[in-house]
Amino acid sequence: MSRPGFLLILGLALYTFGMRLMPFILSHFGVAIDPAHSFYPWNFSPMTAFCLFGAAYYVHKRWAFVLPIGVWLASDIGIWLIKGNGEGKRAWTFHESLVFVYASYLLIPLIGLALRQTRTLPKVWLSGLGGETAFFLITNFGTWYFFPTYSKDLNGLMLCYAAALPFF
């Protein structure tokens with residue numbers, strides 16, 4: 001099985017990093033991309049694809065876990081440098097539920113390991129959908145758990161998931 005070269009992996013990592021930073025860079029330079037008033041796909045990132053690709057192709061499986069976490073951490077630092085964590089507003093980067101984000105990006109490569117031997121279109125689609133679903137469920141659970149917006153019962157959790165559906 002052919003394995004990706006260093007330049008391809010570096011290019012994918014830089015593309016993933018850049019796409020995550022793009023809305024914050026544009027906003028910094030005055031482009032109006034407020035999530036409430038724009039059509040920009042806020043929080044759009046090819047990170048799930050990057051996780052699945054690594055799990056399917058990297059010679060050493062550990063890189064499928066290490067590289068996405070490194071790219072996400074680097075982009076979190078970049079967002080923090082651009083936006084900061086100003087008081088009185090929800091932090092864009094280093095917030096309480098961040099552990100759930102990182103946990104989801106450790107789980108997605110496990111889903112992608114099913115692609116190591118055979119990569120059929122249905123398997124790729126199901127892996128992508130499974131990865132996105134896992135990310136959605138895990139990170140919104142973290143939002144429900146840490147933020148006082150929702151009651152800490154099953155009804156509050158379901159309201160949190162329902163509110164997040166437009167971002168799924």
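## Helix α3 and its cover

The buried residues of helix α3 are covered by elements that include α1, α2 (47-57) and α4, where cover is counted through contact, meaning heavy atoms within 4.5 Å. The residues of α3 that are buried are Ala64, Phe65, Pro68, Val71, Trp72, Ser75, Asp76, Gly78 and Ile79. Buried means under 20% relative accessible area, exposed means over 50%, and partly exposed is in between (1.4 Å probe, protein chains only). Helices (H or I, at least four residues) and strands (E, at least two) are DSSP runs, numbered from the N terminus.

The 22 residues of α3 should span 32 Å at 1.5 Å a residue, and the end C-alpha atoms are 31 Å apart, which agrees. The expected span is 1.5 Å times one less than the number of residues in the helix. Just after α3, glycine 84 has a positive phi of about 75°.

## Basis of the model

This is a predicted model, in which local features need pLDDT of at least 70 and side-chain atom pairs count only at pLDDT 80 or more, while totals for chains, interfaces and linings use all residues. Residues are numbered from 1 along each chain as its sequence is written, and side-chain values use heavy atoms, with hydrogens and water left out.

## Overall fold

The protein has six helices and zero strands. Along the sequence the pattern reads α-α-α-α-α-α. Of the 168 residues, 37% are buried. Among contacts with a separation of 6 or more, 65% are between residues 24 or more positions apart.

Accessible areas come from the Shrake-Rupley method with a 1.4 Å probe; for residues, only the protein chains shown count as cover.

The structure holds one salt bridge, defined as a side-chain nitrogen of Lys or Arg within 4 Å of a carboxyl oxygen of Asp or Glu. The partners are arginine 20 and aspartate 76, at 2.9 Å from N to O. Arginine 20 belongs to helix α1 (residues 6-28) and aspartate 76 to helix α3 (residues 62-83), so the pair links distant parts of the chain, 56 residues apart.

Both partners are covered. Arginine 20 has a relative accessible area of 11% and is therefore buried. Aspartate 76 is buried as well, at 0% relative accessibility.

## Other residues of α3

Isoleucine 79 lies in helix α3 and is buried, with a relative accessible area of 0%. The C-alpha atom of isoleucine 79 is 6.6 Å from that of phenylalanine 24, although the two residues are 55 apart along the chain.

Tryptophan 63 is also found in α3. Leaving out residues up to four places away in sequence, tryptophan 63 touches Tyr58 and Pro68. Tryptophan 63 and proline 109 are 46 residues apart in sequence, with their C-alpha atoms 9.7 Å apart in space.

## A nonpolar surface patch

Leu73, Ile77, Trp80, Leu81 and Phe94 make up a nonpolar patch on the surface, with about 480 Å² of accessible area together. Patches are made of residues with over 30% relative accessible area and no salt bridge; like charges are joined within 9 Å, and nonpolar side chains (Val, Leu, Ile, Met, Phe, Trp, Tyr) within 5 Å. Tryptophan 80, one of the patch residues, is in helix α3. At 40% relative accessibility, tryptophan 80 is partly exposed.

Serine 104 sits in helix α4 (residues 98-112) and is buried, at 0% relative accessibility. Its contacts, not counting residues up to four places away in sequence, are Phe135, Ile138 and Thr139. Phenylalanine 147 lies in the loop between α5 (121-146) and α6 (154-164) and is buried at 14% relative accessibility. Phenylalanine 147 and serine 97 are 50 residues apart in sequence, and 8.5 Å apart in space from C-alpha to C-alpha.

In α6 the buried residues are Gly156, Leu157, Cys160, Tyr161 and Ala164. They lie on the same side of α6 because they cover an arc of only 140° around the axis, the arc being that of the directions from the helix axis to the C-beta atoms. An α-helix has 3.6 residues a turn, so residues three or four places apart point the same way. The buried residues of α6 pack against α5, while the face turned away from the buried side carries the exposed residues Leu154 and Asn155.
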